[in-house]
Amino acid sequence: MKEEVSTEDKIKAAAKKIFFKKGLEGTKTREIAQEANINIALLNYYYRSKQNLFEEIFREAIQLFYERMGAIFNDEMLTLEGKIYALVREDVEMLRSNPLLPAFIFSEVKKKPDFFVSLGLHERVRGSHFSQQLTEGIAQGKYRAITLEHLIASMAGMIVFPFLNKPLFMELKGRTDEEFDLFLEERKQIVPEILISYLTNLSK
């Protein structure tokens with residue numbers, strides 16, 4: 001027997017689809033209601049405002065992602081190098097499933113940075129086992145001196161860039177979606193290799 005989807009879940013699914021395409025400001029409440037096949041009054045009954053719905057959806061999406069990432073950051077069985085490989089794999093797969101998310105986040109951060117700060121994601125990373133391993137490795141002379149912020153920014157930038165520039169990448173190279181997927185698979189290996197090579201090359 002097929003499980004019935006709740007009205008609340010229908011609203012969230014519809015809102016997520018439209019928010020990711022148009023952002024908060026570009027989305028109309030009636031568009032969400034139409035996509036969810038409900039009336040606006042019912043949508044307002046559940047969420048009262050577009051802002052409330054947006055914040056709940058975004059918090060849930062980010063929370064789920066960082067729970068998965070947090071498990072890697074704090075896995076005491078993995079070396080720092082192992083965590084870099086695992087984090088890159090997880091990030092690529094998350095963005096592959098939600099390819100519009102990077103542009104959506106960048107657009108919204110400009111408008112409401114305080115909302116993103118309130119999520120407390122930076123503090124979670126700074127207090128992680130990953131951060132401890134990096135600090136200890138630098139102190140022991142195992143890794144080049146680099147701040148956590150630089151390492152995370154470098155990792156994120158190398159992962160996100162292909163998604164943000166996919167249309168140009170596809171047009172210039174004449175690649176198919178299958179070839180872009182292969183490119184992403186290659187990034188899972190190349191990005192960690194670049195980061196680890198930089199960390200462990202102490203000649204400079």
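Q: Helices (H or I, at least four residues) and strands (E, at least two) are DSSP runs, numbered from the N terminus; how many helices and strands are in the chain?
A: The chain has twelve helices and zero strands. From the N terminus on, its elements run α-α-α-α-α-α-α-α-α-α-α-α.

Q: What kind of model is this, and which pLDDT limits apply?
A: It is a predicted model, in which local features need pLDDT of at least 70 and side-chain atom pairs pLDDT 80 or more, while totals for chains, interfaces and linings use all residues. Residues are numbered from 1 along each chain as its sequence is written, and side-chain values use heavy atoms, with hydrogens and water left out.

Q: What box do the C-alpha atoms of the chain fill?
A: Taken along the principal axes, the box is roughly 65 × 40 × 40 Å.

Q: What makes Arg 48 stand out after helix α3?
A: Arg 48 follows α3 and has a positive phi, near 65°. This is a positive value in a residue other than glycine. Arg 48 lies in the loop between α3 and α4.

Q: Is Arg 48 buried or exposed, and how do you know?
A: Buried means under 20% relative accessible area, exposed over 50%, and partly exposed in between (1.4 Å probe, protein chains only). Arg 48 has a relative accessibility of 72%, so it counts as exposed.

Q: Why is Asn 37 called exposed?
A: Because its relative accessible area is 71%, Asn 37 is exposed.

Q: Why are Phe 163 and Phe 180 called an edge-to-face pair?
A: Rings of Phe, Tyr and Trp (its six-membered ring) pair if their centres lie within 6.5 Å; planes under 30 degrees apart count as stacked, over 60 as edge-to-face and the rest as tilted. A search of the whole structure finds five aromatic pairs. In one of them, Phe 163 and Phe 180 are 6.2 Å apart, centre to centre, with 90° between the planes, and the pair is edge-to-face.

Q: What makes this pair a link between distant parts of the chain?
A: Phe 163 belongs to helix α10 (residues 148–164) and Phe 180 to helix α12 (residues 177–200), with the two residues 17 residues apart.

Q: Are Phe 163 and Phe 180 buried or exposed?
A: Phe 163 has a relative accessible area of 9%, so it is buried. Phe 180, at 2% relative accessibility, also counts as buried.

Q: Why is the pair of Phe 180 and Phe 183 called stacked?
A: Their ring centres are 6.4 Å apart and their planes lie at 25°, so the pair is stacked. Both residues are buried.

Q: What separates Phe 180 from Phe 183 along helix α12?
A: They are three residues apart, so about one helical turn separates them. An α-helix has 3.6 residues a turn, so residues three or four places apart point the same way.

Q: What makes Phe 163, Phe 180 and Phe 183 a cluster?
A: Ring pairs link the three residues. Phe 180 pairs with Phe 163 edge-to-face and with Phe 183 in a stacked arrangement.

Q: How many residues are in the chain, and what share of them is buried?
A: The chain has 204 residues, and buried residues make up 38% of them.
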